[in-house]
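Biologist: I would be grateful for a close look at one part of this model, namely the patches on its surface. Please set them in the context of the whole chain.

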Amino acid sequence: AVVSTQSTGRQEEKDIEVDKLKKKFAAMFINHSIKERSAKRTRQELEKEGRHRNELWMLKQKEERNRKLQEISEKTRATQVSGVAKVSTEKAARIAKLQLKLETCESNLEGINREKKAMRERLGMLQRDYKKINNNL
């Protein structure tokens, strides 16, 4: 009976030791799990902040690009408008020159037609005079 009490006592000590170890490992596991969850949460928060920073940076880049495109578009439009204005001014000047040339040509033509008419009348008179001279001979 003494042996069985000793082995029961030892078994109880072993069971107590095992329980202590189980509790110790359970506490370590719980602490480890808490630390893992905390690290995971921290990592997720850092990733979320990183994504947010990236989205803000991308938005800023997009706004900057749009602003530059707007400036380029405005400069291009201004250049086109000034080019059209220059061409229009040049065409208006050319039209004015051509109009002046046309008026000069019309005036010269009128003068030429008057001279032509006068010369025809003179030719007619000379031909009559020539016939009179031929008839008198």
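**Surface patches on the helix**

Modeller: Glu-13 counts as exposed because its relative accessibility is 55%; exposed means over 50% relative accessible area, buried under 20%, and partly exposed in between, with a 1.4 Å probe and protein chains only. The model is predicted, so local features need pLDDT of at least 70 and side-chain atom pairs count only at pLDDT 80 or more, while totals for chains, interfaces and linings use all residues. Residues are numbered from 1 along each chain as its sequence is written, and side-chain values use heavy atoms, leaving out hydrogens and water.

Glu-13 belongs to helix H1, residues 2-136 (helices are DSSP runs of H or I with at least four residues, strands runs of E with at least two, numbered from the N terminus). Together with Glu-12, Asp-15, Glu-17 and Asp-19, Glu-13 forms a negative surface patch. Patches take residues with over 30% relative accessible area and no salt bridge, joining like charges within 9 Å and nonpolar side chains (Val, Leu, Ile, Met, Phe, Trp, Tyr) within 5 Å. A salt bridge is a side-chain nitrogen of Lys or Arg within 4 Å of a carboxyl oxygen of Asp or Glu.

Phe-25 also lies in helix H1 and is exposed, at a relative accessible area of 52%. Leu-21, Phe-25 and Met-28 make a nonpolar surface patch of about 310 Å², where areas follow the Shrake-Rupley method with a 1.4 Å probe and, for residues, only the protein chains shown count as cover.

As for the whole chain, there are one helix and zero strands, and buried residues make up 1% of its 137 residues. The C-alpha trace spans about 195 × 20 × 10 Å along its principal axes.

Technical notes
Lys and Arg count as positive and Asp and Glu as negative; His and the chain ends are not counted. The place of a charge is taken as NZ of Lys, CZ of Arg, CG of Asp or CD of Glu.
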